[in-house]
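Let's take a walk through a protein model, one patch at a time. Keep the structure open beside you as you read.

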Amino acid sequence: MGIEVLAPFAVLVLAWALLSGALRRREVTGPLVFVAAGALLANDAWGPFPVNIETASVHTLAEITLALVLFTDAARIDLRNLRRNATLPLRLLLVGFPLTLLLGLGAAVLILSDLPWELALLVAAALAPTDAALSAQVIGDRRVPGRLRIAVNVESGLNDGLVTPVVTLAVALAATTLGVGSLERTGPGDALLELGLGVLVGGGFGLLGAWGVTASARRGWAEPGALPIGTLATGVAAFSVSLSLSGNGFVAAFVGGLVFGLVVDREQGDEHELTELAELGGELMTLVVWFLFGAALVPIALEHLSPATVGYALLSLTVVRMLPVVLALVGTGLPRRDVLFLGWFGPRGLASVVFALLAVESLGESEPVTSAVATIATTVVLSVLLHGGSAGPVAARYGMRDDVHVRARSSRLGPPHGRR
């Protein structure tokens, strides 16, 4: 962004920081505000502050942003609690996620019939993972049962990495089909190697960072306020080193956060202070990415808006997500309300934006590619609207249910001692 765009963006960030609580109580979220602002102010067609967007630069920024969000979300997870509630995320990842990918591919082939099947696979894979950033409002809401928040957090943290090899394969196949070059294909062995390297590198840097931060805090080696910088660097290092070794950077960031949170929880008292800078950095960069998404991809979505793209987007957010979740959770004994919550709350966001930018960067802007990207962008916009607007009311319903249970229990126990 040039200085002429930085000025209105900075003012917008200031306004959001001052009014975010009041707006959120009215179900107006940060992603919604910044996507709308980017589309209105910075699109290169008629925006007053047009942004000259280089796809490769935005793609890199979006990847680093997603990695920071994954790292900080994982660092907040209590691994001891996760071990007690591992069934739900495992079922969502091992059963629900592959079914979502297959169902999304089938729907794309049928509905987006003008696309070659390789681009249909790209659309399905790009929209299969749920979003860690858009999930933050639910993950942090104590009214939602803990096991559901853990399931949403772990699923959104790991499915980005799991789907990356599929997206890479889809882009490679599409490049060959469209005649824009030949990219190296990723086979099952390569995908497993990427995931394994991501786990090893992420776990190693998470452990190293946590040990270093703990030792420095105990011995007073660091200047005041410097240790949170070390936490931020741990997340970025896990992501970037993994990529440099041809590993999966998103898995590395999430696993690094898990290990960092576990070790620091055990040996260091104030974990929130240590991760606060990384969280704030991730939040600010997320707003930048949403702004650029509004400026660059929303106009493409509007230009290619059609019943097919809108229909697929709605189907992706409902049936394609919810049916696999219902099937994955058969036999768990979860109440219907909880199953529907996990089925509905599968927002699409940063990961889908990253994959859409990868497609444009690698495949160019031919008609089939922009049509596929427009479908992804339309789905993300609808997700920002629908999931952002429903997170608060859904959490409130859980709070109301808890209040009813408390009142019912109180009526059975009778009035407190000393009161009549």
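## Where two helices meet

Start with the contact between two helices: Arg321, Met322, Val325 and Val326 in H15 meet Val339, Leu340, Leu342, Gly343 and Trp344 in H16. Contact here means heavy atoms within 4.5 Å, and helices (H or I, at least four residues) and strands (E, at least two) are DSSP runs, numbered from the N terminus. The residues of this contact divide into 7 nonpolar, 1 polar and 1 charged.

How do the two axes cross? H15 covers residues 319-328 and H16 covers residues 336-344; their axes come within 8 Å and cross at roughly 140 degrees. That makes H15 oblique to H16. (Angles under 35 degrees count as roughly parallel, over 145 as roughly antiparallel, 65 to 115 as roughly perpendicular and the rest as oblique; axes are lines fitted to C-alpha atoms, for helices over the stretch in contact, with angles from 0 to 180 degrees between N-to-C directions.)

## About the model

This is a predicted model, where local features need pLDDT of at least 70 and side-chain atom pairs count only at pLDDT 80 or more, while totals for chains, interfaces and linings use all residues. Residues are numbered from 1 along each chain as its sequence is written, and side-chain values use heavy atoms, with hydrogens and water left out.

## The whole chain

Zooming out, the chain has 18 helices and 0 strands. Buried residues make up 50% of its 420 residues, where buried means under 20% relative accessible area, exposed over 50%, and partly exposed in between (1.4 Å probe, protein chains only). Of the contacts with a separation of 6 or more, 83% involve residues 24 or more positions apart.

Helix H6 (residues 117-126) is mostly covered, with 9 of its 10 residues buried. Among them are Glu118, Leu119 and Ala120.

## Ring pairs

Now for the aromatic rings. A pair of them is described by the distance of the centres and the angle of the planes. Rings of Phe, Tyr and Trp (its six-membered ring) pair if their centres lie within 6.5 Å; planes under 30 degrees apart count as stacked, over 60 as edge-to-face and the rest as tilted. By this rule the count comes to 6 aromatic pairs. Phe71 and Phe260 form a tilted one, 5.9 Å centre to centre with 55 degrees between the planes. This pair links distant parts of the chain: Phe71 sits in helix H3 (residues 55-75) and Phe260 in helix H11 (residues 249-267), 189 residues apart. Phe71 is buried at 1% relative accessible area, and Phe260 is buried at 0%.

Trp290 and Phe293 make an edge-to-face pair, 5.8 Å centre to centre with 80 degrees between the planes. They are 3 residues apart in helix H12 (residues 271-296), so about one helical turn separates them. Elsewhere, ring pairs link Phe9, Phe34 and Phe291 into a cluster.

Which residues touch Thr231, leaving aside its neighbours within four places in sequence? They are Phe71, Val213, Phe260, Leu274 and Thr275. Thr231 itself lies in helix H10 (residues 227-244) and is buried, at 0% relative accessible area.

Ala377 is in helix H18 (residues 367-413), and at 1% relative accessibility it counts as buried. Beyond its neighbours within four places in sequence, Ala377 is in contact with Phe293, Leu297 and Ala301.

Key: Nonpolar A, V, L, I, M, F, W, Y, C, P; charged D, E, K, R; others polar.
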